[in-house]
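Morning, everyone. Please look at the structure on the screen, and I'll walk you through two parts of it.

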Amino acid sequence: MAKPFVFDTSVYIRALRLGEEDLLTQMRSDGSPIYLSSVVLEELFVGASDRKALNALIKLENQFQKVGRILTPSQSDWSATGRILNRAGVKYGFEKVGKLRLTNDTLLATSVARVGFKLFTINAKDFAMVSDFRKFDWEVIA
């Protein structure tokens with residue numbers, strides 16, 4: 001079976017703006033199933049600016065729930081996220097880490113790494129920093 005993967009919030013935002021949210025629930029051409037991270041879902045709900053966007057997100061969530069493909073961070077993911085952010089703060093400065101709001105990206109990366117999935121993102125900068133402290137399979141898409 002092909003490796004499952006997760007899209008970062010940045011990919012969903014682009015697809016939703018282009019009206020291509022149905023593409024986000026399909027499989028890749030190699031048969032890789034897409035999972036939706038509950039971290040990503042939370043970020044999308046926070047940014048929903050109107051009823052239409054909210055309804056699209058509810059539909060998206062329901063589609064992933066029906067097929068059992070929602071990835072939710074575990075307690076160990078939360079602990080690992082705290083340790084990674086501590087190490088990043090020591091290396092780069094706690095103010096910088098705080099300003100980048102890396103908690104959700106780190107939590108997403110740790111949960112993806114735990115289950116062995118791949119992460120696709122448009123946001124190279126933050127995930128590059130996280131990958132300095134936690135190795136995970138990720139790729140930037142255009």
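**Strand 4 and its neighbours**

Strand 1, residues 5-7, pairs with strand 4 in the parallel sense, over three bridges. Keep in mind that this is a predicted model.

Let's look at one pairing here. Which residue of strand 4 is the bridge partner of F5? That partner is K118.

Now for strand 5, residues 137-140. Strand 4 and strand 5 run parallel, and four bridges join them. Find L119 on your screen. Opposite L119 stands W138 of strand 5. How does the chain get from strand 4 to strand 5? The path goes through helix 7, residues 124-131. This is a β-α-β crossover, and a right-handed one.

Next, the side chains of strand 4, which spans residues 118-121. Are they buried or exposed? K118, L119, F120 and T121 are all buried. K118 and F120 point one way, while L119 and T121 point the other way.

**Helix 4 and helix 6**

Now the second part. Helix 4 covers residues 75-92, and helix 6 covers residues 103-115. Their axes come within 9 Å. The crossing angle is roughly 125°. The crossing of helix 4 past helix 6 is right-handed.

Who makes the contact? On helix 4, the residues are S76, D77, W78, A80, T81, I84 and L85. On helix 6, they are T103, T106, L107, T110, S111 and R114.

That's my tour. Over to you.

Notes:
Residues are numbered from 1 along each chain as its sequence is written. This is a predicted model: local features need pLDDT of at least 70, side-chain atom pairs count only at pLDDT 80 or more; totals for chains, interfaces and linings use all residues. Side-chain values use heavy atoms; hydrogens and water are left out. Buried means under 20% relative accessible area, exposed over 50%, partly exposed in between (1.4 Å probe, protein chains only). Helices (H or I, at least four residues) and strands (E, at least two) are DSSP runs, numbered from the N terminus. Two strands pair if DSSP finds at least two bridges between them. A crossover is right-handed if, with the strands pointing away from the viewer, the path from the first strand over the helix to the second runs clockwise. Axes are lines fitted to C-alpha atoms, for helices over the stretch in contact, and angles run from 0 to 180 degrees between N-to-C directions. A crossing is left-handed if the near helix is turned anticlockwise from the far one by less than a right angle, and right-handed if clockwise. Contact means heavy atoms within 4.5 Å.
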